[in-house]
Amino acid sequence: MSKGTEVISVSALSEFLLEISESSISNNGVFNLAISGGSMSKLLKEAFKKNEASFDFSKWIIFFADERLVKFDNKDSNFNASNEEIFKNFKSFKPENIKKIDQNLIKNPKECAVNYQEQIFNNFKLKNDGSEIPSFDLILLGLGPDGHTASLFPNHPLLNEIKLLVAPITDSPKPPPCRISFTYPLINNAKVVAFISTGESKAEVLKKILELKDLSFPATRVTPLSKQLFWFLDTPASSKLKSPI
Ligand SMILES: O=C1O[C@H](COP(=O)(O)O)[C@@H](O)[C@H](O)[C@H]1O
């Protein structure tokens with residue numbers, strides 16, 4: 001995989017996921033992945049169907065880059081969306097490898113974020129003492145039309161968080177208001193970060209992010225230390241770029 005920011009057709013997502021998961025599994029025995037909510041679960045379902053027989057989902061460990069603090073059976077839950085589209089359809093994912101928020105903590109965003117951050121450190125067998133930041137093999141992010149990603153929203157104080165790797169948010173401008181989210185230090189420490197963004201509603205903001213590098217949009221500030229950043233777009237989403245897909 002080359003270094004730097006690459007814009008690629010979403011039709012190549014399945015092959016990308018296959019390559020990166022196979023290489024992580026052959027190096028470490030598992031594939032540590034974080035996924036997002038919103039439209040992503042449907043796009044992942046399509047990508048998984050394409051090479052279904054080749055994916056070794058039993059070795060995938062999945063976290064959520066952000067989660068809405070609602071019950072798992074609520075349609076707003078990011079886990080729920082992934083469960084309906086992905087985990088119910090691809091049976092070889094191991095339930096214990098799908099890392100969810102603690103449902104008992106949804107009324108306490110601070111505790112919920114602490115608990116989820118702890119789950120991440122445990123998974124990576126690292127001490128949560130500030131000395132090391134876990135490094136996901138891949139973090140898959142979505143993009144809102146306002147330029148938000150995960151639950152990092154424009155002009156929100158969470159954009160400046162440098163201590164917490166998973167932070168609570170109680171005033172999300174997009175409902176539901178209470179959520180937890182990966183912050184930049186964790187996102188930017190991933191080995192690879194890839195955005196998946198489709199549809200005409202994202203075209204304008206994508207131009208501002210990818211070509212004008214407008215830092216007022218939270219997604220622009222995703223700059224992995226590894227320099228491995230990918231954008232998977234479809235034709236409508238890329239329509240306002242100089243070189244549309
Ligand atoms: O609220 C959220 O929105 C973003 C973008 O969602 P999309 O439906 O426009 O793709 C998503 O990535 C994030 O996980 C979610 O909580």
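**Ligand shell, helix pair, loops**

By class, the shell around the ligand has two nonpolar, eight polar and two charged residues. On classes: Ala, Val, Leu, Ile, Met, Phe, Trp, Tyr, Cys and Pro count as nonpolar, Asp, Glu, Lys and Arg as charged, and the others, Gly among them, as polar. This is a predicted model: local features need pLDDT of at least 70, side-chain atom pairs count only at pLDDT 80 or more, and totals for chains, interfaces and linings use all residues. Residue numbers run from 1 along each chain as its sequence is written.

Who surrounds the ligand? Ser36, Gly37, Gly38, Ser39, Met40, Asp66, Asn78, Gly142, Gly144, Ala150, Ser151 and Lys174. Near here means a C-beta atom, placed from the backbone, within 6 Å.

Next, two helices. H2 (residues 40-50) packs with H3 (residues 78-87) at about 20°, axes 9 Å apart. Axes are lines fitted to C-alpha atoms over the stretch in contact, and angles run from 0 to 180 degrees between N-to-C directions. So H2 is roughly parallel to H3 (angles under 35 degrees). Helices are DSSP runs of H or I, at least four residues; strands are E, at least two; both are numbered from the N terminus.

Which residues make the contact? From H2, Ser41, Lys42, Leu44, Lys45 and Phe48; from H3, Ala81, Ser82, Glu85 and Ile86. Contact means C-beta atoms, placed from the backbone, within 7 Å. The contact residues divide into four nonpolar, two polar and three charged.

Now the loops. Pro175 and Pro176 are joined by a cis peptide bond, omega about -5°. Pro176 sits in the loop between strand S6 (166-169) and strand S7 (179-182). Lys125 has a positive phi, near 50°, and is not a glycine. Lys125 lies in the loop between helix H4 (109-123) and strand S5 (138-141).

How values were computed: Angles under 35 degrees count as roughly parallel, over 145 as roughly antiparallel, 65 to 115 as roughly perpendicular and the rest as oblique. Two residues are in contact if their C-beta atoms, placed from the backbone, lie within 7 Å.
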